[in-house]
Amino acid sequence: MRLLTVAALSVMLAGAVAGHAFAHTVALGGSPDLGWSRQPWVLCSLGTAIAWYVAGLLRMRRRDGLDRVVGSAEVAAFAAGMLVLVIALVSPLDAMGEDLFAAHMVQHLLLMLVAPPLLVAGRPAIVFVWAFAPKLRKRIGRVWTGSGLGRGVAWLMSPMLVWLLLSGSFAFWHLPAPYQWALRHELVHAVEHLSFFVTALMFWTIIIEPGGRRRIGYGATLVFVATTAVFSSLPGALIFLAPRPFYPVHEAGAAAWGLTLLEDQQIAGVIMWIPAGMVYLAAVQWVFLRWLRESERRVSLPMDQKALLPVLALALVAGVAGLGETARAQTQTLFAQDRAPSFGGNPERGASLIRDYGCGACHVVPGIAGADGIVGPPLTMIGRRIYLAGLLRNTPDNMMTWLRQPQQVVPGNAMPDMGVTPQDARDIAAYLYTLR
């Protein structure tokens, strides 16, 4: 009876959180309106998992010695994993993910690289089984072995199949057509997220092996993680380096947040490329250190070789730190436009020239009276954009080239050659870089 009470309280707690949530809507051309999600199937799933885990944990605590199987560290890992799922699926991040491709990629990474390893470390399978009464546990065990269900799960958990399922689902759902299909249909979107989450649970189970008995050795596990990391980084790199946007479904949402489609896509590519790579690198480091520890236990190494083990560990840590520094430097380079460049132009004269050349007849130019044209794209925050005309990197030289010779850069585009002089182009660019 007490277990049922705990389960009911857990579900009621999830419902109370949902009661304070409100749905979100984003109006075309308006400001984003974010809220906490209250999708029933998500809240019920999270509440049921929490209640089930608590019920199993309470029953295990009544048996001496089982606190060593699932201790405070495992409970904390499970709680952290559930909190990450709430952030990914219930918090305003879920609403933001419908607007911005970049926010959606953060959501995907939480579902694949943060929540699953924490949940696997929490050993939920054994805790869930212990939530049942002893007779029912025995019956579940007989069904598991007698029906072939255990053999089927063992086959599904073969490393090669898990690698194919994880990599295949990741690649498929980030293709433009399937991705936009999922975003437009709630049921398909749920299937997409479930495929990410379930295959990630399988992947991290093979890496962590919370039960202690490994399916593959540590060397093979390193290859397993490294190849997954390489394959998973390719979509992020391609998305970031693409010269045009692939996901027009986010056009209204990106505009509501003051971004172009291409800018949103490039930020998403960086998120998929660098932070995800760091998580995989951390997993490689963890497996490598476990491998060293296992080797030291099994083999009595000479003292001089034992002394090399901490050196190798430190070298690996230094490699991780070096990659982090490289990632930081790359990010600073990629977004160097966040600081207005100084290249000798006069912004005040540039504002006057924008009026004289009549740029406001085609563009919305903040700070310029009467500059409210709708022929060309608005120049709001152009100083922070990564690309100009979807083709040129946003640098002072490229900006001045585009202002002086737009028809040579993109023949046939709507912007005419206005006969802008080099000094005028420099001053106009200086003003445009103040629009941040």
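I'm working on a predicted model, so local features need pLDDT of at least 70 and side-chain atom pairs count only at pLDDT 80 or more, while totals for chains, interfaces and linings use all residues. Numbering runs from 1 along each chain as its sequence is written, and side-chain values use heavy atoms, with hydrogens and water left out.

**Rings**

I searched the whole structure for aromatic pairs and got 16. My rule: rings of Phe, Tyr and Trp (its six-membered ring) pair if their centres lie within 6.5 Å; planes under 30 degrees apart are stacked, over 60 edge-to-face, and the rest tilted.

I looked at tyrosine 53 and phenylalanine 78: their ring centres are 3.7 Å apart and their planes at 5 degrees, so I logged the pair as stacked. This pair links distant parts of the chain, with tyrosine 53 in helix α2 (residues 40–61) and phenylalanine 78 in helix α3 (residues 72–89), 25 residues apart. (Helices are DSSP runs of H or I with at least four residues, strands are E runs of at least two, and both are numbered from the N terminus.) Phenylalanine 78 has a relative accessible area of 6%, so I call it buried. Tyrosine 53 is buried too, at 3%.

Next I checked tyrosine 179 and tyrosine 247, an edge-to-face pair at 4.9 Å centre to centre with 70 degrees between the planes. Tyrosine 179 is in helix α10 (residues 176–184), and tyrosine 247 is in the loop between α12 (218–241) and α13 (251–256), 68 residues away. Tyrosine 179 is buried at 1%, and tyrosine 247 counts as buried at 3%.

I also noted a cluster joined by ring pairs: Trp52, Tyr53, Phe78, Phe128 and Phe132.

**Pockets**

For open space I used a 1 Å grid over the protein atoms alone: a pocket is an open set of points with protein on both sides within 12 Å along at least five of seven lines, a cavity is a set where a 1.4 Å probe fits but cannot get out, and lining residues have an atom within 4 Å of a point. Points are joined across faces, edges and corners, and a volume is the space filled by probe spheres set on them.

The largest pocket holds about 1,900 Å³. It has 45 lining residues, and Pro124, Ala125, Phe128, Leu201 and Thr205 are the closest to its centre. Phe128 is also one of the residues in the ring cluster.

The second largest pocket comes to about 1,300 Å³. I counted 42 lining residues there, with His363, Pro377, Pro378, Leu379 and Arg385 closest to the centre.

**Cavities**

Which helix gives the most to the lining of the largest cavity? I found α11, with 4 residues. This cavity has a volume of about 90 Å³, and its lining includes Glu186, His189, Ala190 and His193.

The second largest cavity is about 50 Å³. Its lining is Leu109, Met112, Leu113, Phe170, Ser232, Met272, Ala276 and Tyr280, and both α5 and α14 give two or more of these residues.

Key
Buried < 20%, exposed > 50% of the residue type's maximum accessible area, 1.4 Å probe, protein only.
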